[in-house]
Amino acid sequence: NYSLKNYEMPVNQQNGVHTHLADLPNSVPFDSVQHYQDYVSRLHQIPRVLDQTTEVMRQGEKDGLMPPRIVLEKLPGQCDGIIAANPFLLPTRKFPAEFSEQDKKRLTEEITKAVNAEVFPAYRKFAEFLRTEYDPKGRTELSIESLPDGKRRYAEAVKMMTTLSITPTEVHEIGLKEVERITAEMTKLAHAQGYKDLAGFRTAINSDPKWKPQSEQQIVDDFAKYIHQMEPKLPELFGLLPKSPVTVEPIPDFAKAAATHYVQGTPDGKRPGRVVVAVSDPTKRTLVTDEAIAYHEGVPGHHLQISIAQTLQDMPKFRLHGFYSAYAEGWALYSEELGKEIGFYQNPVSDYGRLNSELFRAVRLVVDTGIHDNNWSREKVIEYMHANDLNDAMAQTEADRYIAWPGQALAYKM
């Protein structure tokens, strides 16, 4: 599908070089003076990267390949937030103990100078390009099928993300049937808990303050709790285990439009895998699905699978570090069920959360195809997600995610 030139739309609120570069301090080693010098060299290259990205985006404008304006409007604020947070100085806050005071001082000065004189001006220039030139030209239609070769463009996205030769209409129908099946399972659970219907059970759960986070840190701590309770159980499920550790952290404020995700560590385990959790507007979120998503993103989900995959022997390196959405997301969804197999989800509400998490993946089949093949409005997408018990904070960010990233949401269930 190279001829479709999707690469001419390289930036959105979920994925973009501007936010990826801001994660650079968490993505490279800082064990030696040379590592720090390498980091300074990389900082010097950030203006070139942003300029080249701008050039590619301008070519997309000429070719009529523009992302939806509704998601592009979030990008300048992300750039402004990166400047305000200044993650690029993180390496200067903790040097290895063996560094001399002279090296610490010199490296701090070099990094600070590069950030202030080169990186920040480049980010301001990129934000201005987005704000004044690119964003106003964003398409008003949500569906990727509104672009040139639109039907083929979405069909290719579906095939790439699912690995299946299946039509969007077929995916949509599978989604509707799965929503119906999982809802029936949830109704059985509601009846077992003494409720006459699922609606009453949901109302009781969603009005119970026990399941309402009061702070961002509470959400992070909840994920860490579930991951750490699973870790000692892994030998009962698998013979081959990851050597690298996994940590949990909040998504920084400048990237709050992103969803909870996993960032792989290094094969040698020196840099841990990271579960990066969505925490913005915490009081509008829920703790009900945390257990299932913790297993999905951490162990036995993404961290276990990806950490092992990148240490396999006798494989080309490019295969060790590839990411195939249908496999990785399918594994992670399976991992949510493994929590039940090993004896977790003891609380009925947590088990409801497991089913709710699976339902969410079925809902994705409906709304992704709804947006891109059936011309659903953003309001209809959010209404459908609300009807299937997705909290509003998630519904808002997820709707924009599907708009920006056609087909990716299909990888979990298909």
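I looked up Asp-149 and found it in the loop between α5 (101–134) and α6; helices here are DSSP runs of H or I with at least four residues, numbered from the N terminus. The model is predicted, local features need pLDDT of at least 70, side-chain atom pairs count only at pLDDT 80 or more, and totals for chains, interfaces and linings use all residues. Residues are numbered from 1 along each chain as its sequence is written, and side-chain values use heavy atoms, without hydrogens and water.

I noted that phi of Asp-149 is near 55°, a positive value in a residue other than glycine. Asp-149 is exposed at 52% relative accessible area (exposed means over 50%, with a 1.4 Å probe and protein chains only).

I then checked Asn-375, in the loop between α15 (348–374) and α16 (378–387). Its phi is near 60°, again positive and not in a glycine. Asn-375 counts as exposed, at 64% relative accessibility.

Next I looked at Pro-300, in the loop between α11 (290–297) and α12 (302–309). The peptide bond from Val-299 to Pro-300 is cis, with omega near 5°.

Last, I opened the second largest pocket, with a volume of about 590 Å³. Of its 26 lining residues, Asn-6, Met-160, Met-161, Trp-405 and Pro-406 are the closest to its centre. A pocket is an open set of points on a 1 Å grid over the protein atoms alone, where a 1.4 Å probe fits, with protein on both sides within 12 Å along at least five of seven lines; lining residues have an atom within 4 Å of a point. Volume is the space filled by probe spheres set on the points, which are joined across faces, edges and corners. I saw that α6 gives the largest share of the lining, five residues.

Technical notes: Helices (H or I, at least four residues) and strands (E, at least two) are DSSP runs, numbered from the N terminus. Buried means under 20% relative accessible area, exposed over 50%, partly exposed in between (1.4 Å probe, protein chains only).
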